[in-house]
Amino acid sequence: MTSTATAWMAAGLCAQTDPGEFFPEKGASPATAKRLCRACRVREQCLNFAVTNGEQHGVWGGTTVRERARLTERTRGGAS
Ligand code: SF4
């Protein structure tokens with residue numbers, strides 16, 4: 001990963017909070033992380049990064065892995 005590709009990460013609210021909130025245990029709620037993401041000024045970059053890189057764990061850009069999978073499916077469906 002290049003530093004320019006991930007420079008936005010330092011500006012994320014998760015960089016100032018408990019990273020564990022963004023990787024909840026199985027069955028735990030991602031609500032706290034998603035609430036922080038809604039107020040994060042790099043949310044769009046974060047979500048784009050996660051979708052582009054197929055992140056399979058954690059809350060990125062206010063989405064869970066399932067929500068990102070749906071976004072990807074919708075994007076692929078719309079492109080064909
Ligand atoms: S959108 Fe959420 S996961 Fe992404 S950088 Fe911001 S706080 Fe962190």
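Helices (H or I, at least four residues) and strands (E, at least two) are DSSP runs, numbered from the N terminus. This is a predicted model, where local features need pLDDT of at least 70 and side-chain atom pairs count only at pLDDT 80 or more, while totals for chains, interfaces and linings use all residues. Residues are numbered from 1 along each chain as its sequence is written, and side-chain values use heavy atoms, with hydrogens and water left out.

**View 1. The loop between helix 2 and helix 3, seen at T64.** T64 is found in the loop between helix 2 and helix 3. With a relative accessible area of 18%, T64 is buried (buried means under 20% relative accessible area, exposed over 50%, partly exposed in between, using a 1.4 Å probe and protein chains only). Setting aside its neighbours within four places in sequence, T64 is in contact with P30 and G58; contact here means heavy atoms within 4.5 Å.

**View 2. G61 in its loop.** G61 sits in the loop that runs between helix 2 (43-53) and helix 3 (65-79). Its relative accessible area is 2%, so G61 is buried. Not counting residues up to four places away in sequence, G61 touches C37, R43, C46 and L47.

View 3. Buried or exposed? G62 counts as buried, at 9% relative accessibility. K34, C37, R43 and E67 are touched by G62, again not counting residues up to four places away in sequence. G62 and D18 are 44 residues apart in sequence, and C-alpha to C-alpha they are 15 Å apart in space.

**View 4. L36 on helix 1.** L36 belongs to helix 1 (residues 31-38). At 25% relative accessibility, L36 counts as partly exposed. Which residues does L36 contact, leaving aside its neighbours within four places in sequence? They are L13, T17 and F22. L36 and G62 are 26 residues apart along the chain, and their C-alpha atoms are separated by 7.9 Å.

View 5. The protein chain has three helices and zero strands, and its elements run α-α-α from the N terminus on. Along the principal axes, its C-alpha atoms fill a box of roughly 40 × 35 × 20 Å. Of the 80 residues in the protein chain, 24% are buried. Among contacts between residues at least 6 apart in sequence, 44% join residues at least 24 apart.
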